[in-house]
Amino acid sequence: MTFTDAELERYARHIVLREIGGGGQALLKAASVLVIGAGGIGSPALQYLAAAGIGYLAVADDDKVDLSNLQRQTLFGTDDVGKDKAAAAVDAMERLNPAIRPGGLSTRIEAANADEIFDLLKPDVVLDGTDNFATRLLVADACQRHHVPLVSAAVGEFEGQLGVFRGWEADKPCYRCFVGANPEREGVSCAEQGVLGALTGVMGSLAALEVIRAIVPFGEDSAGKLLLVDALNLRFRTLTLPKDPGCPSCAV
């Protein structure tokens with residue numbers, strides 16, 4: 001994998017990191033990442049993943065940009081209101097980094113199309129930032145079937161959580177080990193409960209960091225851990241998630 005002079009200058013602060021270097025930056029350039037949702041989590045994550053030089057960076061979102069999004073979805077501006085969110089995200093990523101190949105899917109990930117999308121994009125990592133529990137389970141199951149690392153992030157009011165899941169590995173839990181298997185579990189959207197805009201930036205940036213770590217391993221492995229963020233009291237806690245021996249998804 002070669003770099004242009006402009007790319008070498010653009011990624012210089014990565015390349016001088018001993019844990020990443022030129023080899024790690026080449027892995028980022030060769031990687032394919034799928035981000036589910038261009039909302040409060042996906043928006044900042046897409047910004048940092050584009051800036052990091054992810055070679056193919058795709059986003060799936062069937063929504064349009066709304067004025068109420070702009071309090072936290074910093075990928076978009078006022079002129080984007082009413083536009084297809086996936087297309088607007090692609091435009092923003094191209095402005096951020098013309099050296100990458102962004103892709104937009106103006107569709108909702110569903111049971112009928114999930115495997116087709118995974119087969120088409122062949123993502124090395126999937127980042128799920130949706131606030132719909134049924135979609136989260138569907139994406140997690142697809143990642144489990146295709147053996148694709150899942151970075152899952154969520155926010156609500158002043159709290160955030162972040163986990164990395166590779167449940168096909170013998171000692172690592174899957175997403176269902178964490179949340180259970182009830183598909184009827186209700187989710188609460190940020191429109192109903194509110195969310196601190198800056199917190200979505202924190203969680204989206206941390207999610208982008210974990211995507212990068214999944215491609216270029218550095219530090220401790222995050223899979224099987226859950227980060228809990230309490231922005232009201234400025235507290236961060238990390239829990240170890242056990243693998244559920246009775247999990248219908250990964251304990252087979």
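The largest cavity is lined by Ala 140, Cys 143, Gln 144, Val 148, Leu 150, Phe 165, Arg 166, Gly 167, Trp 168, Cys 174 and Tyr 175. Its space comes to about 40 Å³. This is a predicted model: local features need pLDDT of at least 70, side-chain atom pairs count only at pLDDT 80 or more, and totals for chains, interfaces and linings use all residues. Numbering runs from 1 along each chain as its sequence is written, and side-chain values use heavy atoms, with hydrogens and water left out.

**Cavity**

- A search of the whole structure finds one cavity of 30 Å³ or more.
- A cavity is a set of points, on a 1 Å grid over the protein atoms alone, where a 1.4 Å probe fits but cannot get out; lining residues have an atom within 4 Å of a point.
- The volume is the space filled by probe spheres set on the points.
- Helix H7 (residues 133-146) gives the largest share of the lining, three residues. Helices are DSSP runs of H or I with at least four residues, and strands are runs of E with at least two.
- By class, the lining has eight nonpolar, two polar and one charged residues. Ala, Val, Leu, Ile, Met, Phe, Trp, Tyr, Cys and Pro count as nonpolar, Asp, Glu, Lys and Arg as charged, and the others, Gly among them, as polar.

**Salt bridges**

- The structure holds 12 salt bridges (a side-chain nitrogen of Lys or Arg within 4 Å of a carboxyl oxygen of Asp or Glu).
- Lys 29 pairs with Glu 7 at 3.0 Å, N to O. Lys 29 lies in helix H3 and Glu 7 in helix H1, so the pair ties together parts that are 22 residues apart in sequence.
- Glu 7 is buried at 7% relative accessible area, while Lys 29 is partly exposed at 23%. Buried means under 20%, exposed over 50%, and partly exposed in between, with a 1.4 Å probe and protein chains only.
- Arg 166, one of the cavity-lining residues, bridges to Asp 221, with the closest N and O atoms 2.7 Å apart. Both sit in loops, and the pair ties together parts that are 55 residues apart in sequence.
- Arg 166 is buried at 15%; Asp 221 is partly exposed at 37%.
- Glu 220 and Lys 225 meet at 2.8 Å, N to O. Glu 220 is exposed at 60%.
- Shared partners join Arg 166, Glu 169, Asp 171, Lys 172 and Asp 221 into one network.

**Asn 97**

- Asn 97 sits in the loop between helix H5 (85-96) and strand S3 (101-105). Asn 97 is buried, at 0%.
- The Asn 97 side chain reaches the backbone oxygen of Ala 50 at 2.9 Å.

Key: Polar contact = N/O pair within 3.5 Å; in protein donor to acceptor, adjacent residues only side chain to side chain. 1 Å grid on protein atoms, 1.4 Å probe; cavity = no way out; pocket = protein on both sides within 12 Å on 5 of 7 lines; lining within 4 Å.
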